[in-house]
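Dear colleague,

Please read them alongside the coordinates when you have a moment.

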Amino acid sequence: VQQSHCVASASAANQEPDFSRPSTRSMQFMLLFSRQGKLRLQKWYVPLSDKEKKKITRELVQTVLARKPKMCSFLEWRDLKIVYKRYASLYFCCAIEDQDNELITLEIIHRYVELLDKYFGSVCELDIIFNFEKAYFILDEFLLGGEAQETSKKNVLKAIEQADLLQEVRWQTDSFFHLVFQLILRSN
Amino acid sequence: WVCHTPIRLRELIRTIRTARTQAEEREMIQKECAAIRSSFREEDNTYRCRNVAKLLYMHMLGYPAHFGQLECLKLIASQKFTDKRIGYLGAMLLLDERQDVHLLMTNCIKNDLNHSTQYVQGLALCTLGCMGSSEMCRDLAGEVEKLLKTSNSYLRKKAALCAVHVIRKVPELMEMFLPATKNLLSEKNHGVLHTSVVLLTEMCERSPDMLAHFRKLVPQLVRILKNLIMSGYSPEHDVSGISDPFLQVRILRLLRILGKGDDDSSEAMNDILAQVATNTETSKNVGNAILYETVLTIMDIKSESGLRVLAINILGRFLLNNDKNIRYVALTSLLKTVQTDHNAVQRHRSTIVDCLKDLDVSIKRRAMELSFALVNGNNIRGMMKELLYFLDSCDPEFKADCASGVFLAAEKYAPSKRWHIDTIMRVLTTAGSYVRDDSVPNLIQLITNSVEMHAYTVQRLYKALLDDISQQPLVQVASWCIGEYGDLLISGQCEEEEPIQVTEDEVLDVLEGLLVSNLSSPVTRGYSLTAIMKLSTRFSSVNRIKKVVSIYGSSIDVELQQRAVEYNALFKKYDHMRPALLERMPIMEKTASNGPTEIVQTNGEAEPSVVEPKHPPPVGQPASQVKNTVFGLVSRCLSLMAFYLFDLSKTVNFLSIGIPPMTAYNKNGLKIDFTFERANPNPNVAVITIHASNSTEADMTDFVFQAAVPKTFQLQLLSPSSNVVPALNQGTVTQVIRVLNQQKLRMRIKLTYIHKGSAVQDLAEVNNFPPQSWQ
């Protein structure tokens, strides 16, 4: 007999959280790959051997590339949820945990694409190929340990800009240059 | 010696991309790696950064780059920001915590965490928070904690996520971060807010004490969320008109954890949840992402029923969304909530059923699972129609689960026996090869117990065999039925449909055909040989059967050979036992009971009274002489037959002798039939199953059956299948009575139930027990 009042009866709701379940990453990894299956970026937030990473990458790329265009952006793979979206010739693919929100992960992916787009100016796959290290730097200013560290587009781009500037200036141990540089940074 | 300037990264990338074959690419890579290696050996500081960057590119293409690991460490230790940037990137890509070399980073990271330039500190925090090992985390936790208290929001936000990683790696360190969390939510900076909420979530998920401690933050979190929703356009955080959806989602998730199991917290967040649920724009994914998180929170905390209904309705609307991602998410959530909020989910049943036709495999699967969860006595006919249609057309990966689901649902809610048999037939004929192996014994049990349908069932199965013998489960069930009810088949007794005309020889042809067909599995052959054997007591063509059995006595298939030899033995030496052994199967008790068994035992009282449950005392009467002497010899044969005839896990009433059923009571639309079997191993205990059915238009609820027997008997009443006898013969209530008796059985029964609002009570004597039930 089902109850119409849902407050007191149910099994799953109203229980204490399960403290025994070890928390792992929300996002376990992010992969970017082309339609031919060539890897363009791999960010791992869980410790795995090179061999394991290669195996996962190979299998997942195959699985995602086999998906038909009309299918939804989510699939179950091993014990993870995979969220993927294709932008032009690149697939952006994230692995999240069971309790994570797939829809907001799509927004995370989109935000990253917007950041790349703003930085490179109408980004295309070639930009990612030839400037892969920049793609990593941008990602590392947006996500840290698989979670968003900054939700303002402007702030992420500003940080990258400043860091790029820092690269240009030849680092001197001379305190004068050091001081001047700090001033430049603060004024931005 | 010519000193080559190492080529630039982009030039290398350009060059490698010109390679037309894998071999050509490998050659280029090997050449460049050699150059890089020698450059490393020369300890060249100027170009180390460039070389490592190139190495990272080649690593991404799949080539080994481990020889660059130490170089990354050198870059990290450099004073140049460019070096550090590439060095840390290299460390994150090439090093991992399994290699001891990563520990060499610890000191550099420590220094960089205290660097005067925040971008260097940022690199260190990022690397530590991404891949720091437990040892590194232990060493550097103090530094992270310090940075968590800085007023520099750029560093504070990173420190928070770094702390999350430290806690995940070394949970015991969680306590040390507690003081620093004090003012985290007072921050205006969204980055800090977001990462702080993540940190708080992590701590609450790990420790009940932390959870209790942070519950006081609920009002503050509610306020922050409210501001996000009510505030005007904020260009910095806007996504399609919604202000910082990432932060909103994270707050909702933390609220979920804080509200779960706690009345006060749940109440405090009730209003804001309702507000978010009703005010969030649903035209884009971002709004739906927030709604989704809101629904998850509402369902998990102690929300008012109105709020829960609101949540389910949001999911219902999601089901109608054009965006299949939204539909997918809705189905997943509904599946989680269908047990607890069954009625609310039922309202969306037709939409869910429509999703069975979706093109996406994941959506189809969820729709199927949800559909099965929603089947009940009221919608069984309609739902089964949809599910059988789905079974016909779905991908093979679904067929096994769908078939099992159909069988289960049919068993629970079948409106009539005929419908039940028809449904089983439909599954066996359309998805017969995908049906699970354990379905076969279950179906056999079901068919056996549907006494009035035997003729119809065997006829339909026989006809199905004529069409197709490739689907093994179908063939096995059919063989078994033909073996059991072959006599009904040839006598043309079917009432439900036009009886077919078939001769004994035709039936035996079909069964023998199964024995020789390539399509038959060894198990199937076993079934058909046994069926043929059983027909020796139902058909007159005994000689033909004897011949078949003796042929298979020398079969190459060991199983078949064994059976044939034993059946041969039956013919030759134990022919007098053959009729009894091959008798019609009795109705089988279901052995699994789903709850505590009430035992009401009377010891000869006129009125039944509830006594302390006791086990019936052991009976001293030895088994009859004949059975004893042959039992050992024939027991293996019998147990083998038992195995072939149905699943050993069900208790087999092998030595029972068929006792005809009787009607014990039939008044005012309530009919109670008794069916019998003898208990095994104690043949002096009669096991009676009552079947109560109701032909009136209204259900009989609170139905209680009680029985009393004379003083010389002992009675045990097990719990009934239910206490509602559904109207219009839509189902029966069954209950098992065990009676220990050696004399003519008499019983007084008392029935109480509620019918059309009034209580009904009746007493009756049952005297017409068949003699076999007490002899």
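This is a predicted model: local features need pLDDT of at least 70, side-chain atom pairs count only at pLDDT 80 or more; totals for chains, interfaces and linings use all residues.

A:Lys154 forms a salt bridge with B:Glu236, where the closest N and O atoms are 4.0 Å apart. This pair crosses between chains, running from helix H5 (residues 153–168) of chain A to the loop between helix H12 (218–230) and strand S1 (238–239) of chain B. B:Glu236, for its part, counts as partly exposed, at 28% relative accessibility.

Within chain A, A:Lys81 forms a salt bridge with A:Glu102, and the closest N and O atoms of the two are 3.1 Å apart. Since A:Glu102 belongs to helix H2 (residues 102–120) and A:Lys81 to strand S4 (residues 80–87), the pair ties together parts of chain A that are 21 residues apart in sequence. Both A:Glu102 and A:Lys81 are buried.

In chain B, a salt bridge joins the side chains of B:Arg206 and B:Glu202, at 2.9 Å from N to O. These two residues are four apart in helix H10 (residues 190–206) of chain B, and so about one helical turn separates them. B:Glu202 and B:Arg206 are both buried. They also belong to a network of salt bridges that links them with A:Glu147, B:Arg168 and B:Arg250.

Over all chains, the count of salt bridges comes to 55.

Technical notes
Residues are numbered from 1 along each chain as its sequence is written. Chains are lettered from A and ligands numbered from 1 in the order in which they are written. Side-chain values use heavy atoms; hydrogens and water are left out. Buried means under 20% relative accessible area, exposed over 50%, partly exposed in between (1.4 Å probe, protein chains only).
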